[in-house]
Amino acid sequence: MPTPPSLRFDNAFVTSLPGDPETGRHVRAVEGALWSRVAPEPVAAPRMLAWSADMAARLGLDPGWMRTEAAAEVLAGNRLLEGMAPFASNYGGHQFGHWAGQLGDGRAIGLGEVLDPGGRRWELQLKGAGPTPYSRSADGRAVLRSSLREFLCSEAMHHLGVPTTRALSLVGTGEQVVRDMFYDGHPAPEPGAVVCRVAPSFIRFGHFELPASRGDVDLLRTLVDFCIARDFPHLQGTGESLLGDWFGEVCERTAVMVAHWMRVGFVHGVMNTDNMSILGLTIDYGPYGWIDDFDPDWTPNTTDRQHRRYRFGQQPQVAYWNLSRLAGALSPVFDGHEALQAGLRRFVDAYGAADRGNTAAKLGLSACRDEDLDLMQALRDLLKAGEVDMTLFFRHLADIDPDAPSLDGFDDAFYDASRRASVEAALGEWLRTYAARVAGDPLPAEHRKALMDAANPQYVLRNYLAQEAIDLAHGGDMSRTEALLAVLGHPYDLQPGREAFARRRPDWARDRAGCSMLSCSS
Ligand code: AMP
Ligand code: MG
């Protein structure tokens, strides 16, 4: 018999922070409180579609139990375990550059905070578990396609070494959800799902912005103190110096996160401040995408098609802008501006250092000199002009012969013969310059390849791969999702027999919805 979970809950968020005195799901403005009590709305027929063995093990959940109907019921929100205290949290945010006021968890319901067998804290949160006081005009639900994308991508990012929220499970609800996928006046029913996401904290920049926007400095200060104590317990000191260290660390973590995105070719797609984690975790997987042919101007998000605010190459600048909004919100609890400005400078320094680290590792160099940044920029320009696959190119770069550099091994990284022809000479020249740089570097050849292969993944969740898994899942076949979860668990290792998962985007996927274009409809 599988062991029913005896999870140790310590629900600090709801026991330490002020909650909404009103109960019930009705939509409302919630002032003076950081959360509202609300239970998940049960669904018709919960069925476990996929789950992360890695995440389950971390929480101390028995794999046997994860396969039971009881697990599907708990992770759909139909049944609560002892110690769970469900709630929706209250936050605001800047969306596409504009202050949007109160947003809050409109379809996410926190279940509580588990202390795992090692004493680490993990908040459990169901996404798509029904309406809350923050649902505004929406239904509180999520469709299978977006839930599957979140489930797979958050686990893939974790294994790539990118700071991220995790996913424990993907449960089908047995209910239909109506969505107008292209916002073109053609709403249609789609299967619904619930993801159980997991993170040490789900506090967002927007949690601080909302009380600040209302002039509620007491609530703001209460949240800051709570966040430092619970989520940054390693920080010592008091007063302004503690606050400064905390904000500086938030800036540094954000820089490190975005630098990882740039290294692996991830485009978040909706970097609104309500989608920025205070712990510097990638959060809220919506219309995200992966770079296939290298293009810093690309965004998968059709809602952002016009201004491309959240395009790949702009992510570091947007992160800085978002941190500036956070600094503005926090300023009432700081004595002056100095500590906040120092924190923002920490972003610049940390991003610069991480960018140099990425450059050295992606190119296989013992250290990054100033000229190497230019070498990398020259390469980026060529990859864009030649429409070259980012992932395949960097992976192949580790295998060139520095004594006889050539583009021979790179055939599968090119999408278009004429674009290839237009850069072939210049790229060949770049390879020769690179080979000379490598030859003069003290790093031994075998170390160079190991360094590069640990920074340049072989397998990423290419947009078309996720879409194929979704198409199969819609027909009830979860085998592709499971296969992807397994392959993406070891993204830097060559996996014989799994070559198909490393291929460049096929032609059919170039302009297909879900593969190159995604809306926020989810
Ligand atoms: P997002 O663009 O997914 O970050 O969501 C922005 C805001 O809209 C958040 O407050 C979400 O909780 C809310 N939201 C998005 N989709 C839904 C939905 N289907 N039902 C209720 N609220 C939603
Ligand atoms: Mg969001």
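This report covers the ligand site, the domains and the cavities of one predicted model.

Local features need pLDDT of at least 70 and side-chain atom pairs pLDDT 80 or more, while totals for chains, interfaces and linings use all residues. Residues are numbered from 1 along each chain as its sequence is written, and side-chain values use heavy atoms, without hydrogens and water.

**The ligand site**

Ligand 1 has 17 residues around it, and Gly104, Gly106, Arg136, Gly140 and Asn275 come nearest; a residue counts as near if one of its heavy atoms lies within 4 Å. The shell holds three nonpolar, six polar and eight charged residues, where Asp, Glu, Lys and Arg count as charged and Gly is among the polar ones.

| Side chain | Atom of ligand 1 | Distance |
|---|---|---|
| Arg136 | oxygen | 2.8 Å |
| Arg179 | nitrogen | 3.3 Å |
| Asp284 | oxygen | 3.4 Å |

Taken alone, ligand 1 exposes 490 Å², and the protein buries 79% of that (Shrake-Rupley method, 1.4 Å probe).

**Domains and cavities**

Domain 1 spans 8–205 and domain 2 spans 365–442, with bounds from an automatic or database domain assignment. Their C-alpha centres lie 43 Å apart.

The whole structure has three cavities of 30 Å³ or more. A cavity is a set of points on a 1 Å grid over the protein atoms alone where a 1.4 Å probe fits but cannot get out, and lining residues have an atom within 4 Å of a point. The largest cavity has a volume of about 70 Å³, the space filled by probe spheres set on the points. Its lining includes Phe13, Phe87, Asp105, Glu123 and Arg230.

Key. Chains are lettered from A and ligands numbered from 1 in the order in which they are written. A polar contact is a pair of N or O atoms within 3.5 Å; within protein, one must be able to donate a hydrogen and the other to accept it, and residues adjacent in sequence count only if both atoms are side-chain atoms. On a 1 Å grid over the protein atoms alone, a cavity is a set of points where a 1.4 Å probe fits but cannot get out, and a pocket is an open set with protein on both sides within 12 Å along at least five of seven lines; lining residues have an atom within 4 Å of a point.
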